[in-house]
Amino acid sequence: MVDDLDYEDEFLAAAQIVQEKLLSRVPENKIRPRLAPTARLAELLGDPQKSYRVIHVTGTNGKTSTVRFIDRILRELGLRVGRFTSPHLVSLNERISIDGEPVTNERLVSIWSEIEPIVEFVDSELIAAGDEPLTFFELLAVLGFAIFADAPVDVLVLEVGMGGEWDATNIADGDVSVFTPIGMDHADRLGETIAEIATTKSGIIKAGSIVVSAPQSQAAKAVLDAVAAERAEKIFHYGSDFEVESSVGLGFGQELALRNIAGSYVELKFPILGLHQAQNLALAVAAVEAFIGGGEQRLMDDVVRAATADMSSPGRLQIISPEPLIIFDAAHNPAGAEILVEALNSVLPGRAVIGVVSVLAEKDARGILGAFASRFDSIILTQSSSARAIPSEELELLAQDYFDFDQIEVEPKPALALRRASELAEQIPGAMVIATGSITLIGDLMSYVQLDEEEDV
């Protein structure tokens, strides 16, 4: 037993060293608009991203949930599935999953040791050419591709890091290109209009692929239709080709009926809140139908029902505690904040809301706070562990434009902010706590909750 623990500890320490090496590079919020370095590294490694089929997912909100739903359905079909998502909540390993489980430290360390010499070679080439070394995300993408090839997987469900056209994941060719709703975010890098952002994201559409899209604004739809007409085999849209026909509340979940590309699916027990998540599920089913039979082959009812019944999406309208009701949601832009508010109004109407909020500096904090002000009764402003988090005192100044003085509290430490919000909620019948505003805040609080649970055992 002691030997087993020592063995695990050995790989844990080695995995932490790998993570430190990755995190020492240019961070993912400083993604470079370039593909050549990523393609060069992959080429020298034998192009691992070409050893399996790919479903490529982009959009502004809902990407990670949709990726997880696609992954779960494919696994129920008996396929070995790789899943690449970003960012992570607690552990870097979450981003690279095989058959629904985060990559083991042993595999992470093993594949890194194999590719590190080639990484150093490509870095030296870039420096000699006057360019910068591989960034965190460029390297993470290729590391993931190599891990999935080594597994090996049958199919990779691949989430874009930012944008699409020049994102490091775009060296992979998606058989199916999936678009969640496109809105305003990262305008400094992706474009200042919805059409410009949609154009950047449409870069993942490859020749001969099938495109599947969530509900889009007229501007975004026009771009996707135009690019799909040039490159894709066909395109399917939410609303005209598939949709959620009905959603009935079922405890802390819902029962759904879907009209999809190849057929309808009814009496689906879906243990996740929010009509937007039901729409993400419909999009995921459509993506799998497109992948399996070009949108012409209906999936078996038992497959869809079994997969849907145990789906999860950590940090997305995730219920942490039933009493008081505590929900974590990683809404980190105005569109995401508005979706959260709509979901609360729909499935939990009339209940008082105490928000625990942190926002990163590059985000539209005013837009986020303005959306929350329409539903939150009070707000506790905090500061996540990210160096990019807006100091809670500065966030307070912004919040004063949307909330009254007596609606605002400040507690810089996230764990204490959550504890304070829980205490307040216990004093108000039916009140609930919503922690939101940034993914890093949700990660901090998830770690806190896990640690608290371990101490209680």
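Is leucine 317 buried or exposed? In this predicted model, leucine 317 is buried, because its relative accessible area is 5% and anything under 20% counts as buried. You'll find leucine 317 in the loop between helix H10 (301-309) and S12. Its backbone is worth a look too: leucine 317 has a positive phi of about 45°, although it is not a glycine.

Another non-glycine residue with a positive phi is glutamate 267, at about 55°. Glutamate 267 sits in a strand, S11 (residues 264-270).

While we're on the backbone, let's turn to the cis peptide bonds. One runs from alanine 151 to proline 152, with omega near -15°, and proline 152 belongs to the loop between H5 and S5. Another links glutamate 323 to proline 324, with omega near -5°. That proline 324 is in the loop between strand S12 (318-322) and strand S13 (325-328).

Now for the inside. The largest nonpolar core has 59 residues, and Leu22 and Phe84 are the ones that touch the most other members. H5 gives the most, with 11 residues. If you click on phenylalanine 84 and skip residues up to four places away in sequence, its contacts include Val67, Ile96, Phe137, Leu140, Phe148, Leu156 and Leu158, as well as Arg95 and Glu159. Apart from this core lies another one, of 42 residues, among them Tyr238, Leu256, Val285 and Phe291.

Next, pick out helix H3 (residues 63-76) and helix H9 (residues 275-293), whose axes come within 8 Å and cross at roughly 50°. That angle makes H3 oblique to H9, and the crossing is right-handed. On the H3 side, the residues that meet H9 are Ser65, Thr66, Phe69, Ile70, Ile73 and Leu74.

Last stop: glutamine 19, in helix H1 (residues 2-23). Glutamine 19 counts as buried, because its relative accessibility is 18% and the cut-off is under 20%. Leaving out residues up to four places away in sequence, glutamine 19 touches Leu92 and Asn93. With asparagine 93 there is a polar contact as well, with 3.4 Å between the side chains.

Notes. Residues are numbered from 1 along each chain as its sequence is written. This is a predicted model: local features need pLDDT of at least 70, side-chain atom pairs count only at pLDDT 80 or more; totals for chains, interfaces and linings use all residues. Side-chain values use heavy atoms; hydrogens and water are left out. Helices (H or I, at least four residues) and strands (E, at least two) are DSSP runs, numbered from the N terminus. Buried means under 20% relative accessible area, exposed over 50%, partly exposed in between (1.4 Å probe, protein chains only). A polar contact is a pair of N or O atoms within 3.5 Å; within protein, one must be able to donate a hydrogen and the other to accept it, and residues adjacent in sequence count only if both atoms are side-chain atoms. Contact means heavy atoms within 4.5 Å. A nonpolar core is a set of buried Ala, Val, Leu, Ile, Met, Phe, Trp, Tyr and Cys residues joined through side-chain atoms within 4.5 Å. Axes are lines fitted to C-alpha atoms, for helices over the stretch in contact, and angles run from 0 to 180 degrees between N-to-C directions. Angles under 35 degrees count as roughly parallel, over 145 as roughly antiparallel, 65 to 115 as roughly perpendicular and the rest as oblique. A crossing is left-handed if the near helix is turned anticlockwise from the far one by less than a right angle, and right-handed if clockwise.
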